[in-house]
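Here is a short briefing on one protein structure. The points after the lead sentences are grouped by topic.

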Amino acid sequence: MDGNVSGEDYEKNIDWDTEDELEIENIAPPSCSNVVARNVETIVTNGEASSSSGVSNSKLVQHFLGMGFSEEMIAKAIKENGEADTESILESLLTYGALALEESPDEHNSCLINSPQQQQYVDNGQLSSDYDESVLADLSDSDDSWSGSEEISNSLPEHEKVILSLANMGYSVEEASAAIDRCGPEASIAELTDFICAAQMAKTEAVFFEEEKPKISLNGSLKKRKLYELEMLKRKKRKGVQIDDEVIRLPNPMIGFGTPTDGNVITHRTLPDDAIGPPFFYYENVALAPKGVWDTISRFLFGVEPEFVDSKYFCAAARKRGYVHNLPINNRFPLLPLPPRTISDALPLTKKWWPEWDKRTKLNCLQTVIGSAKLTDRIRKALEKWGDDPPQHVQKYVMDECRKWNLVWVGKNKLAPLEPDEVEMLLGFPRNHTRGGGISRTDRYKSLGNSFQVDTVAYHLSVLKDIFPNGINMLSLFSGIGGAEVALHRLGIRLKNVVSVEISEANRDIVRSWWEQTNQTGNLIHMADVQQLNGDRLEQLMGSFGGFDLVVGGSPCNNLAGSNRVSRDGLEGEHSSLFYDYFRILDLVKCIMKQQ
């Protein structure tokens with residue numbers, strides 16, 4: 001009903017894995033003295049170069065020579081950008097360097113090994129002969145790291161220190177900055193890393209354990225690289241360059257108008273006149289949508305501000321969602337019994353095998369996909385090789401995969417994805433809700449990953465119990481597996497007439513089966529396509545039972561979710577543009593009910 005992942009995605013503007021050590025202005029040049037450029041015969045050694053380029057501004061040339069670029073590259077960059085635009089010259093030089101490194105990896109490695117710092121490791125026998133460039137992907141800083149970087153980082157504002165902390169953990173500055181934008185400046189490092197890992201969900205990375213290849217310290221050059229990334233990000237923002245995937249700032253903590261266990265509950269708000277029912281409406285979608293999406297949703301839904309809620313305050317799994325509705329917000333109450341709030345309470349059999357270094361107490365957002373058997377097998381073999389105390393870099397990799405794929409411990413060194421029954425329980429659905437009737441395991445995960453978290457939704461809808469003591473007529477758009485229907489039933493609100501519009505036949509079968517198994521006494525009317533629901537059909541339906549009390553739904557988030565690296569087009573995307581059908585139908589219902 002909502003989308004297949006929350007979280008969200010990061011488009012990297014610079015691929016640092018293919019570039020040499022870079023630095024910002026006023027930072028000492030890299031220790032490697034020989035910089036090799038593609039198709040360049042001249043080699044710059046210790047800052048000395050010929051003057052064959054004929055560039056007039058010798059100061060400018062010396063400035064970039066001091067940063068380690070060749071004179072021919074500098075001349076080319078100045079010719080393309082002019083001598084006045086130093087920032088454009090620098091960006092061009094970085095581009096040339098990236099291309100040169102991609103085509104000359106062997107020379108790049110030679111450069112590293114010939115540097116004073118790297119030669120020290122070779123002489124000490126600490127660098128294996130089969131060392132390759134991939135080791136650079138997971139470098140750690142040593143205790144004797146470059147002091148200049150430390151001095152600069154200590155003088156940075158607090159939020160930039162957080163960015164650098166994340167960068168030094170292996171995340172890009174773009175990822176770190178986007179995570180802070182989404183989670184808020186007060187978010188903890190653990191929350192930010194969880195968010196970044198969840199946003200990387202769609203990309204399965206190859207397992208790389210460095211048990212046979214020791215990590216190599218670059219004595220601060222990694223910090224210089226991250227400081228450079230941070231500086232470039234700040235320059236882009238100063239120049240007004242839009243950073244990909246920006247979203248509106250979300251509240252922290254994400255508890256909306258309050259949760260059952262939170263004391264700061266808001267009980268009053270003022271709705272715009274156009275938003276006041278009948279009918280009541282309730283719309284849901286992923287909170288971490290592209291910039292401007294929630295402003296548009298709010299504008300179309302009569303100016304009602306979204307209520308952002310993370311379901312981790314209701315269950316053991318995070319699910320960051322935005323809800324736009326005109327429901328009362330006082331006298332809410334939760335479903336009882338309260339669901340388990342931690343992983344160990346929800347899945348007690350995992351306690352025995354949970355290692356001390358896995359500090360998770362909550363799962364990330366439950367997805368439509370799961371980790372592969374191949375992945376969990378490789379993790380098991382690697383952990384067995386290290387015994388009970390794997391090194392930090394192995395622990396970090398395992399934890400990254402656990403957060404991405406919501407893996408849980410089921411044996412000694414054994415991780416596994418959640419079973420469909422466990423996902424049903426965490427999302428508040430009855431046991432076997434999606435099981436049987438020809439539904440495959442793959443379809444079960446897909447349907448559950450796109451559903452409501454029932455306890456969260458029920459808390460919002462609980463105010464309807466006193467308003468409609470005799471039952472409710474509901475129009476359920478994009479019904480999915482019936483999260484709203486299950487929530488109302490569990491609240492003890494009778495479902496008199498439900499018009500359920502859902503394009504997936506498998507999901508319609510699930511809702512129909514649940515309707516029969518729970519002995520509902522009302523009428524269930526199924527339709528397949530919201531785009532076919534027009535004014536004439538609505539008038540016919542509403543004429544037969546007197547209108548709708550509630551219009552509920554969550555249009556597809558395919559083009560909103562962070563995991564979509566191909567067509568994250570916002571509300572203009574092929575699937576997520578169906579939001580406008582939700583508004584169209586809601587507006588028709590309001591007009592018809594006014595006429596009646």
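## Cavities, sheet, helix and annotated site

The second largest cavity is lined by 12 residues, and those nearest its centre are Q367, V369, I370, W405 and N406. The model is a predicted one, in which local features need pLDDT of at least 70 and side-chain atom pairs count only at pLDDT 80 or more, while totals for chains, interfaces and linings use all residues. Residues are numbered from 1 along each chain as its sequence is written, and side-chain values use heavy atoms, with hydrogens and water left out.

**Cavities**

- A cavity is a set of points, on a 1 Å grid over the protein atoms alone, where a 1.4 Å probe fits but cannot get out; lining residues have an atom within 4 Å of a point.
- Grid points are joined across faces, edges and corners, and a volume is the space filled by probe spheres set on the points.
- The count comes to 7 cavities of 30 Å³ or more.
- The second largest cavity has a volume of about 90 Å³.
- Its lining has 9 nonpolar, 2 polar and 1 charged residues (Ala, Val, Leu, Ile, Met, Phe, Trp, Tyr, Cys and Pro count as nonpolar, Asp, Glu, Lys and Arg as charged, and the others, Gly among them, as polar).

**The sheet**

- Strands (E, at least two residues) and helices (H or I, at least four) are DSSP runs numbered from the N terminus, and two strands pair if DSSP finds at least two bridges between them.
- An open sheet of 7 strands, with mixed pairing, has the order β4-β5-β3-β11-β8-β9-β10.
- Because β4 and β10 (523-527) stand at the edges with a single partner strand each, one side of each has no neighbour in the sheet.
- Strand β5 pairs in the antiparallel sense with β3 (residues 280-286) over 5 bridges, and Y282 stands opposite H325 in β5.
- Strand β4 (residues 307-310) also runs antiparallel to β5, joined by 4 bridges; F308 has G322 in β5 as its bridge partner.
- Strands β8 (residues 472-477) and β9 (residues 495-501) pair in the parallel sense over 6 bridges, with S476 opposite S500 in β9.

**Burial**

- Buried means under 20% relative accessible area, exposed over 50%, and partly exposed in between (1.4 Å probe, protein chains only).
- In β5 (residues 320-325), 5 of the 6 residues are buried, so this strand is largely enclosed by the rest of the structure.
- Helix α8 (residues 173-183) is also largely enclosed, because 11 of its 11 residues are buried.
- Just after α8, G184 takes a positive phi of about 100 degrees.

**The annotated site**

- An unreviewed UniProt entry places the feature "active site" at C557; such annotations may be inferred rather than shown by experiment.
- C557 lies in the loop between β11 (550-553) and α22 (579-595).
- With a relative accessible area of 0%, C557 is buried.

Terms used: On a 1 Å grid over the protein atoms alone, a cavity is a set of points where a 1.4 Å probe fits but cannot get out, and a pocket is an open set with protein on both sides within 12 Å along at least five of seven lines; lining residues have an atom within 4 Å of a point.
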